[in-house]
Amino acid sequence: MRIGVVVNPIAGMGGRVGLKGTDGKVEEARARGADPRAPNRARRMFEALRDANEAVTVFVWGGEMGESGATDVGLSPEVLGAPESAETTAEDTRRAVEAFVDAAVDLVLFVGGDGTAADVAEALTNAGGDETVPMLGAPAGVKVYSSVFAVSPEDAATVATTFDRTEQREVMDIDEDDYREGEVHPELRAVATVPVADDMQSSKQLGGGTVDALAAGVADDIRDASEKTFVLGPGSTVGAVKAELGFEGSPIGVDVWRDGEVVVRDATESEILDALGPEGENVIVVSPIGGQGFVFGRGNPQLSPDVIRQCDVEIIASRAKLDGVGELHVDTDDPELDEELAGWTRVRVGRFERRMMQVV
């Protein structure tokens, strides 16, 4: 098995500091104290590749675009080139992919988000013609709308070393400036050849199902718990709860509510941590992403492991949304926390009703 691996080292940096993405915002993300997310997720993937019971030859691009993560875990990859400067670009990604195709890899494995996926798909199309090399993503971006990603970095390594067939899947991306203003307009960027496996995520669905009774019930309970701090996640379902509470929340951000008022609107991870109350008096209200079932790890990186560990978690969703996902997922960047969150949980689906769902 010959696998080419390219890492976008800045992918996902804007998430926890409230920028909803990193396109054109790298310096601002750094100024806000953002830490790179992709390198750690790449190391997790490389560790799984190292431990795979398969004969794998790994090809990488130099430095933080693959070489560093691979060598850090004891792999000896073949380095085919390097970025032209310390500030990596989309062109570096495309050059890496073209080199992988020239090296006759069986799969291009990338670490990044939707923008990286689009760059990889474009380069594969240009380099491969009718015989396009399959691609697969280890998710490290903020949004991750496309259906070309595995559920986690470890799953990406497993799929990469075990798949035996492929199918065509969509690469989607959105305008991040519009996204920051609450407007979500996914655009089809490419159709890619992707491995078929159970550990792949679906495309996101937008909206669906009535949530009026659900939102009213949740809002009533929040009003009755004046001593608690509520961390209200992004999305239309929790947005309906915010509307029931009487304020216009950040549609794609996280708002903190306590004792009848908004404490922080569109909060960053650090602002959420500063706003939390005593232990046992904090509740995260979050809804899974329609079509994917992610509770944490897609679109809400402000809800970091440090935040989650200090809060109880209430998951809410319409019945229609749950019918469309089958099971729930978490991908918090902390495998131990993911294990703690896994298992059967009650999801609120109405003013009083709840449904048991499995978090995997």
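## A tour of the salt bridges

Start by selecting Arg-44 and Asp-333: both residues are buried (buried means under 20% relative accessible area, exposed over 50%, and partly exposed in between, using a 1.4 Å probe and protein chains only). You are looking at a predicted model, in which local features need pLDDT of at least 70 and side-chain atom pairs count only at pLDDT 80 or more, while totals for chains, interfaces and linings use all residues. Residues are numbered from 1 along each chain as its sequence is written, and side-chain values use heavy atoms, with hydrogens and water left out.

Now show the side chains of your first pair. Arg-44 and Asp-333 form a salt bridge, 4.0 Å from N to O (a side-chain nitrogen of Lys or Arg within 4 Å of a carboxyl oxygen of Asp or Glu). Arg-44 sits in helix H2 (residues 38-51) and Asp-333 in the loop between strand E14 (329-330) and helix H13 (335-341), so the bridge ties together parts 289 residues apart in sequence. Helices (H or I, at least four residues) and strands (E, at least two) are DSSP runs, numbered from the N terminus.

Next, select Arg-94 and Asp-119, whose side chains meet in a salt bridge at 3.2 Å, N to O. This pair ties helix H4 (residues 90-102) to helix H5 (residues 114-128), 25 residues apart in sequence. Asp-119 is buried, with a relative accessible area of 12%.

Then move to Glu-314 and Arg-354, a salt bridge with its closest N and O atoms 3.5 Å apart. Glu-314 belongs to strand E13 (residues 312-316) and Arg-354 to strand E16 (residues 354-359), 40 residues apart. Arg-354 is partly exposed, at 41% relative accessible area.

Finally, select Arg-41, Arg-44, Glu-154, Arg-298, Asp-331 and Asp-333 together: salt bridges with shared partners join these residues into one network. To keep exploring, note that the structure holds 23 salt bridges.
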